[in-house]
Amino acid sequence: MTYGLKDLPKDVFINYYAEYLQKSGQIIIPSWVEICKSSCSKKNSPSDSNWIFKRMASIVIKFYIYRQLGINQLRKMYSSKKRNKNYDRKSGSGKIIRFSINQLEKMKILSKNSLGKSFLTKKAQNDIDTRSAKLIKFINSNK
């Protein structure tokens, strides 16, 4: 039986893949990440120091599930309600998404098509499948 990313809880894989991205050493984190908010509806920046790696891992999962996405589509996915109103939705930070996509393209995890939309490369898709299968086997062996 083959296992894939859809068989795992997303938070487990996000933490696992964020750790991989952090240990790779290929992502250069700028200084503005420490003070930047993840959405205009938030009061403060995230308290977790590795939140940018978790956001990148989450973006990779979005590309794995939806195949091709643009920045505005991702901004809508990371939007939030402000003041508990249904009609007042505030979109997520576009700078964080653009930065994440650029860094993931440098690592050759994402690539762009002729329309300018980003997509997951075949090599990255195979890597995610093997990592998720290993993680599922590890979780099942520890039960």
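Lys6 is exposed, at 59% relative accessible area (exposed is over 50%, buried under 20%, partly exposed in between, with a 1.4 Å probe and protein chains only). The model is predicted: local features need pLDDT of at least 70, side-chain atom pairs count only at pLDDT 80 or more, and totals for chains, interfaces and linings use all residues. Residues are numbered from 1 along each chain as its sequence is written, and side-chain values use heavy atoms, without hydrogens and water.

**Exercise 1.** Classify the ring pair of Phe13 and Tyr16.

*Solution.* Step 1: Rings of Phe, Tyr and Trp (its six-membered ring) pair if their centres lie within 6.5 Å; planes under 30 degrees apart are stacked, over 60 edge-to-face and the rest tilted. Step 2: By this rule there are three aromatic pairs. Step 3: Phe13 and Tyr16 have centres 6.3 Å apart and planes at 50°, a tilted pair. Step 4: Phe13 is buried at 0%, whereas Tyr16 is partly exposed at 29%.

**Exercise 2.** Classify the pair of Tyr17 and Tyr20.

*Solution.* Step 1: With centres 5.3 Å apart and planes at 50°, the pair of Tyr17 and Tyr20 is tilted. Step 2: Tyr17 and Tyr20 are three residues apart in helix α1, and so about one helical turn separates them. Step 3: Ring pairs join Phe13, Tyr16, Tyr17 and Tyr20 into a cluster.

Conventions. Helices (H or I, at least four residues) and strands (E, at least two) are DSSP runs, numbered from the N terminus.
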